[in-house]
Amino acid sequence: MKYDIIITGGGMAGLSLAYYLNHSTLRHKQILIIDREPKTRNDRTWAFWQAGEGAFESILYRHWNKLWFHGTEGFSRQLDLGQHQYKLLRGKDFYASIRADLSRNPNIQYLFADLHSVETSAGSALVQTSKGEYRAQWCFDSTVPMQAIRTLTAEPASLPAPRWQELLQHFKGWVIRTEKPVFDPEMPIMMDFRIEQKNECRFVYVMPFSATEALVEFTLFTPTLLTSAEYDEALRAYLKDFFSLETYEITEEETGIIPMSDEPMSEQPSPHVIRIGTAGGYTRASTGYTFTRTQKRLQALVRQLEKNFLQSPVTNQPISAQYRFYDQVLLNVFLKNRYSAATVFTDLFRKNPAHLIFRFLDEETSLREDLGVLYSVPVIPFTVAAFDVFKRNISEMFKR
C-alpha cells in the first residue's frame, strides 16, 4: 500500500511530527503512523524549560517560574529563569491530546504491528511489518537504536572497547502522595546533588503537583545501570533525609534510559528514510535533553517539506560542529572522572544566570556568551579533555 508519509514509532518524536504535519499545508497528504501498540499509559514525563509558549501549552500538567538548584559545598540557589518557564508534560496527556487532534483528519491512519525493516527501495521508502509492506515518498523513523541502547543489558566485561564516548542517563521516579503537606507547589527542585555521589553523577529532581503530591526522580549519568532495588533505596533515602518522609503512597512509577553518546548518527541513512528523535541524533550528548531540540528540528523539517515535498528536508546537521565539540568535551570529563560532575553543574549555576545556561544548552547563545559559560568551569581538566577529544576526532577522520 502506498502513502505520502510513513512515521515509524508513535512516541514523542513520531507523534510530534504527525502533529506538525497536521497543522501544516501538508495535512492533505496520506500519512501512516506505525507503532507496536496504542500508547495510553503515563510511561514518560517530560520536564523542560522554554521561553514563551510552545505547541503543547494547553496540555501542560504544571509550569513554574522559579526553581531550586542544590549543588555541592553547601551551594543552593533559587534560580531566576528570566523569560523562561520550567514546564512539565505527562506522557498520557500528550498521547491523548495528539490522538484526538489527529483523529479529525481522515488522511492520517494508524497501523499497530511489529516493525521488521525500513529502507529505500525502487525510488521510495519501503517499510516491512508483521502486517505487510508499505511504501511512501518519505519514512520518518524514530525506532533505530543506538549502540549504547543495544548493549544496555550486556556485561561490561563481555563488550569490546567502545569506539565512541558513551554514557547512559537512567532514572526511576515515583509519584508520591503524603498525608501532610511537605512540598512547595511553587518551587520545584531541578537538580539536587546533595546525595552521595559515589564518584559518579547522581542527582534527584522534585516536581511538586501540590503540597501533598510530587514526582520525585533519581537520575544518574553512568556507563551502566543499577538494580531496581538500588533505585528504590536511593529514592527512599532521599525522601527520608530531605523531607523527613517514611510513610507515603506511591501512585505511579516511571523508568527510563537515554543514551548520551558522541557516536555520529546518520539522520538520512538512505534517500527516502529520515531518522528522527534520538535515532536521528537529536539528543544532547552531554545532558540527555531531547524534548526541546526534537520539537525545533521537526518543525524545521516540516517547513522544508512544505517548500518542496519531493526534495529532502534535511538541509543541515541536527547539532552544529561547535556544540558537538562542547558535548564531547563534557562527556570526556565525566567518563574519565577528570572532575566531579556535581561540581561542574554547581560551578555553571553558581557563576552564570540560569537563563544563560538554558540558552547555552538550547544552542541559542553567541560565541562570546559560550566563552563566558566555558570559563566558569575548571580550566585544566577541561583543557585536557579537549585535547583528548581533538586527538580522537583526528584519529576517526583518518579511519574513514
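A cavity is a set of grid points where a 1.4 Å probe fits but cannot get out. The structure described here is a predicted model.

Searching the whole structure gives 1 cavity of 30 Å³ or more. The largest cavity holds about 30 Å³ of space. Its lining consists of Asn42, Gly173, Val175, Leu215, Glu252, Glu253 and Glu254. Two or more lining residues come from each of the elements β12 (166–177) and β16 (249–261). The greatest contribution is that of β16, with 3 residues. Sorted by class, the lining of the largest cavity comprises 2 nonpolar, 2 polar and 3 charged residues.

**Packing of α8 and α9**

Two packed helices are described by the angle between their axes and the distance between the axes. Helix α8 (residues 354–361) packs with helix α9 (residues 367–374) at an angle of about 115°, and their axes lie 11 Å apart. Angles of 65 to 115 degrees count as roughly perpendicular, so α8 is roughly perpendicular to α9. The crossing of these two helices, α8 and α9, is left-handed. The residues that make the contact are set out by helix below.

| Helix | Contact residues |
|---|---|
| α8 | Leu356, Ile357, Arg359 and Phe360 |
| α9 | Glu369, Asp370, Val373 and Leu374 |

By class, the contact of α8 with α9 has 5 nonpolar and 3 charged residues, and no polar ones. On the α8 side, Arg359 is one of the contact residues, and arginine counts as charged. On the α9 side, Glu369 and Asp370 are among the contact residues, and both residue types count as charged.

Methods: Residues numbered from 1 in each chain as written. Predicted model: local features only at pLDDT ≥ 70, side-chain atom pairs only at ≥ 80, totals over all residues. Heavy atoms only, no water. 1 Å grid on protein atoms, 1.4 Å probe; cavity = no way out; pocket = protein on both sides within 12 Å on 5 of 7 lines; lining within 4 Å. Points joined across faces, edges and corners; volume = space filled by probe spheres on them. Helix = DSSP H or I, 4+ residues; strand = E, 2+ residues; numbered from the N terminus. Axes fitted to C-alpha atoms, helices over the stretch in contact; angles between N-to-C directions. Parallel < 35°, antiparallel > 145°, perpendicular 65-115°, else oblique. Left-handed = near helix turned anticlockwise from the far one by under 90°. Contact = heavy atoms within 4.5 Å.
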